[in-house]
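Welcome, and please have your viewer ready. We will go from one selection to the next, with a short note on what to look for at each stop.

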Amino acid sequence: MVGQLGAGFVAAAVLAFFPARVGVGTVLLTGAGAFAIGYLRLGPPMTALETPQPVAERVVMFEGGMGSWAGIAAVVAIVAGLALIERGAGRLLKPAQEARREVREAWRRLDARNVARSSASAGAGAGAGVGAERVRSSSSGRWGTGGAGARDRVRFALGTTAVLVLLLWAAVEVRLAATGVHRTPDSWGTGQTGAAYQAGFVLLLAVVSLVSTLGTPATARVLFVLWIPATLFLGAWPGPLGPVEALRIPVFEGLFRAIAEVWGHGAFWAALLVALPLAVYGGLRTVWGRAGRG
């Protein structure tokens, strides 16, 4: 347990400064993940945040003195710690949430004024047709027309591809940590297996993301939500997936391997504490964002 105190500190910091609203569900999910890591002994020792030996000895001494009450004390400490983290994170993120709400309201008012102004000033003929087309496009939630609509589609496809590629790498590295045998810190993977998956399937993920934009923005977001479990399944499956292997076209292998090398033997922790939170944040922004509002 002492060897995982550094990991617990990092996880608490990530939860406290996570760039989204932190609620009960987030806290429970984080607690479940922490329990799984501790119970299954996932992850290599975080030597960079290793607990000082005097502190470790005190912790061991305290646990030995608690005897059978140690489990109860640990549960109470976890619940109290999560409650404090949630309260602190809420206070830290409250100004950002208020500012985001104000910006959203300002955009909504501006859009309403623009639609009303265009409808009032539009005359007969082509001017009226353009105003009506804007109103219909805004109410139906369609992509914009012309170059603006194409840019919206490309931005959506690039964003969803990045999220899916991150999820794929994280799923592979977590799967290797959960199923592999790592007796020493040097035996832990360096993220190269996940990088090979990224290079092999990035084109496939980009194509499905781009195809999703052929419908309305709402349809594209629904399809994106469906691609998420499919990508996680692809990374979590231990062996080749038959026909899917035929769609593996390696590109940018050097780039993905170079990025993975940055984390060294800490690829598991990078997947758990960096890639997954970024993917969740990007996914939430995509699902609840204002794609195609033009």
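Start by selecting Trp269, which is buried because its relative accessible area is 9% (buried means under 20% relative accessible area, exposed over 50%, partly exposed in between, with a 1.4 Å probe and protein chains only). Before moving on, note that this is a predicted model, in which local features need pLDDT of at least 70 and side-chain atom pairs count only at pLDDT 80 or more, while totals for chains, interfaces and linings use all residues. Residues are numbered from 1 along each chain as its sequence is written, and side-chain values use heavy atoms, with hydrogens and water left out.

**Stop 1: the aromatic pairs**

How many aromatic pairs does a search of the whole structure find? There are three. Rings of Phe, Tyr and Trp (its six-membered ring) pair if their centres lie within 6.5 Å; planes under 30 degrees apart count as stacked, over 60 as edge-to-face and the rest as tilted. Select Tyr197 and Phe201: this pair is tilted, because the ring centres are 6.0 Å apart and the planes stand at 40 degrees. Both residues belong to helix H7 (residues 192-212), and being four residues apart there puts about one helical turn between them. Helices here are DSSP runs (H or I, at least four residues), numbered from the N terminus. Tyr197 and Phe201 are both buried.

Phe268 has a relative accessible area of 3%, so it is buried.

**Stop 2: H7 against H8**

Two packed helices are described by the angle between their axes and the distance between the axes. Select H7 and H8: their axes come within 10 Å and cross at roughly 160 degrees. That makes H7 roughly antiparallel to H8 (the cut-off is an angle over 145 degrees). Axes are lines fitted to C-alpha atoms over the stretch in contact, and angles run from 0 to 180 degrees between N-to-C directions. The crossing is right-handed, meaning the near helix is turned clockwise from the far one by less than a right angle; anticlockwise is left-handed. Tyr197 and Phe201 turn up again here, among the H7 residues that meet H8 residues including Leu223 and Trp227. Contact means heavy atoms within 4.5 Å.

**Stop 3: H10 and its partners**

Keep helix H8 (residues 217-236) and show H10, which packs at about 155 degrees with the axes 9 Å apart. The crossing of H8 and H10 is left-handed. Arg221, Phe224 and Val225 of H8 meet Gly283, Thr286 and Val287 of H10.

Next, bring in H6. The axes of H6 and helix H10 (residues 267-288) come within 8 Å, crossing at roughly 150 degrees, and this crossing is left-handed. The contact includes Phe156 and Trp169 of H6, and Phe268 and Gly283 of H10.

**Stop 4**

Finish with Thr161 in helix H6 (residues 146-179). Is Thr161 buried or exposed? Thr161 counts as buried because its relative accessibility is 10%. Not counting residues up to four places away in sequence, Thr161 touches Val202, Leu205, Ala206 and Ser209. Ala162, also in helix H6, counts as partly exposed at 43% relative accessibility.

Conventions. Helix = DSSP H or I, 4+ residues; strand = E, 2+ residues; numbered from the N terminus. Parallel < 35°, antiparallel > 145°, perpendicular 65-115°, else oblique.
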